[in-house]
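Trainee: I'd like to learn how to read a structure like this one, feature by feature. Could you walk me through it?

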Amino acid sequence: MEEIEKATGIMAWFKESVTVKLAFIGLLVVVLLIPSSMVGNLISERSSRQQEVIKDISYNFSGNQQIKGPVLVIPYKAQEKDFNQAGKEETKNVIENLYILPDDLNIKARLNTETMHRGIYDAVVYKTTVKVSGNFSKADLNALGLTPDQLMLDKAKITFSISDLKGLKTNPIVKVGTQTLIASPTFSNEALFTDGLQVAINLTGIGDQPLPFDYSLDLTGSDELSFLQLGKTTDVEVNGNWNSPSFDGRALPDTRKINDTSFNAHWRMLYYNRPFPQQWVGNDTLLNNHAKQSQATFGVKLRLPVDEYQKTTRTSKYAILIILLTFISLFLTELIRKQRIHTFNYILIGAAMIVYYILLLSFSEQIGFAYAYLVASVATVGLITTFIASLLKTKMAAAVFAFILSVFYVFIYVIIQLEDFALMLGSIALFIIIAVLMYFSRKINWDKH
């Protein structure tokens, strides 16, 4: 009989013990990390799907465009020593190329953007006319160890490139000096640029005068327009009807102006930090070196104004904090009102707060993040408040709990909107929450629990 009473006492202590209840709440929070991480994986999966759709749209329309060139290419006669089949050294005549970059390179581009839809996903595409002009100066032959007699001026050419030739809508007409020429693709494996274009020019009789050039590119592209810094002085101006550009690459614009409907950006760069020489011979792969290109690339990315997945991901990172604070608030309410809430009810409330993020994700894909946040928050707060009201049999306690939950969700929404001040605001809010918990915990006689 005594053993039965002792066992009954232990069970009653286990059932009523505050320590055991706190331990269970802590364990439940840890267990809820599993579905919380699964929600995070779901968000990442949907975000990856969005990127796949954007790439597919870009493939079908035309991809990112990078403007490269122009470069003046002049063949020249050279001699090199080699061994014949008999093993004797002999001199052979070969043709090499002299490459010259522009002295002045001026580029102007006007982007007409639009958003293309595929299902629930969006991608930014654009049409543009890129006007390229400038001039080439005479090569310093002495520095290269060449003589004028070696140059094959009648076989010179100007070559340039864009990233995706599918986006080219008209044949580029190139004006070089007094010559007007139509560009054609370069199919040779020895081409200076991948997806290159070129015009053949005759430089005989040009003399020492600078060689001016001028051409326009009618293009379509998606997501990004960038440029390769090739001039001694590279001057680029880009404007467009997009309100959320991101300037990227080696150099930021010297001036920029962004408003609700458009943007304008201007770069002016000198060749001192450019990874390419002004002239060179022989090496026809220099400009296709990706590492060097990345050091000389700059431009603009057309970001979508709102990234629903990024904001949902940032919100989900606060899931465990919200669940923990909610459980602590519910636990203190339980102690203050001396009304016991079964542990299974904690599990149901935790499950509702995990499902909140699935609601947020699914609705944000359809109606945008702000409205989705409102719908998911109101639905979750309403559900939990109604449940607590039925448990505690009092509307006042449920109303207080609804206020607490609403404050939590408003707090998270404000944090994700204020990226620059998120850490400071979050630390202040957590300090206030701890102070409030300290205040209410004073009224609990822990020795009686």
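Trainee: In which sense do strand S6 and strand S7 pair, and over how many bridges?

Mentor: Before that, a word on what you're looking at. This is a predicted model, where local features need pLDDT of at least 70 and side-chain atom pairs count only at pLDDT 80 or more, while totals for chains, interfaces and linings use all residues. Residues are numbered from 1 along each chain as its sequence is written, and side-chain values use heavy atoms, with hydrogens and water left out.

Mentor: Now the general idea. Helices (H or I, at least four residues) and strands (E, at least two) are DSSP runs, numbered from the N terminus. Two strands pair if DSSP finds at least two bridges between them. Here, S6 (residues 173-176) and S7 (residues 179-182) pair in the antiparallel sense, over four bridges. Val 174, for instance, has Leu 181 of S7 as its bridge partner. The hairpin of S6 and S7 has two residues between the strands, and Gly 177 takes a positive phi near 60° there.

Trainee: How many residues lie between S14 and S15 in their hairpin?

Mentor: Four residues separate S14 from S15 in that hairpin. The strands, S14 (residues 255-258) and S15 (residues 263-270), run antiparallel and are joined by four bridges. Look for Ile 258, which stands opposite Phe 263 in S15.

Trainee: How many helices and strands does the chain have?

Mentor: Eleven helices and 17 strands. For burial, the cut-offs are under 20% relative accessible area for buried, over 50% for exposed, and partly exposed in between (1.4 Å probe, protein chains only). Of the 449 residues in the chain, 43% count as buried. Contact means heavy atoms within 4.5 Å. Among contacts with a separation of 6 or more, 76% come from residues 24 or more positions apart.

Trainee: Which residues form salt bridges, and how close are their N and O atoms?

Mentor: Side chains of opposite charge can pair when their charged atoms come close. The rule here asks for a side-chain nitrogen of Lys or Arg within 4 Å of a carboxyl oxygen of Asp or Glu. A search of the whole structure finds two such bridges. One of them joins Arg 268 and Asp 235, with the closest N and O atoms 3.2 Å apart. That pair links distant parts of the chain, with Arg 268 in S15 and Asp 235 in strand S12 (residues 233-240), 33 residues apart. Arg 268 is partly exposed because its relative accessibility is 48%, whereas Asp 235, at 16%, is buried.

Mentor: Asp 248 and Lys 301 form a salt bridge too, and their closest N and O atoms are 3.3 Å apart. Asp 248 sits in strand S13 (residues 245-249) and Lys 301 in strand S17 (residues 297-302), so this pair ties together parts that are 53 residues apart in sequence. Asp 248 is partly exposed at 33%, and Lys 301 is partly exposed at 29%.

Trainee: How many aromatic pairs are there?

Mentor: A pair of aromatic rings is described by the distance of the centres and the angle of the planes. Rings of Phe, Tyr and Trp (its six-membered ring) pair if their centres lie within 6.5 Å; planes under 30 degrees apart count as stacked, over 60 as edge-to-face and the rest as tilted. By this rule the count is 14. Phe 160 and Tyr 215 make a stacked pair, at 4.4 Å centre to centre and 20° between the planes. Phe 160 lies in strand S5 (residues 156-161) and Tyr 215 in strand S10 (residues 211-222), 55 residues apart. Both Phe 160 and Tyr 215 are buried. There's also an aromatic cluster of Tyr 356, Tyr 357, Phe 369, Tyr 373, Tyr 409 and Tyr 413.

Trainee: What is Asn 64 in contact with, beyond its sequence neighbours?

Mentor: Leaving aside neighbours within four places in sequence, Asn 64 touches Ser 163, Ser 222, Asp 223 and Glu 224. Asn 64 and Asp 223 are 159 residues apart in sequence, yet 6.0 Å apart in space, C-alpha to C-alpha. Asp 223 also has a positive phi, near 70°, in a residue other than glycine.
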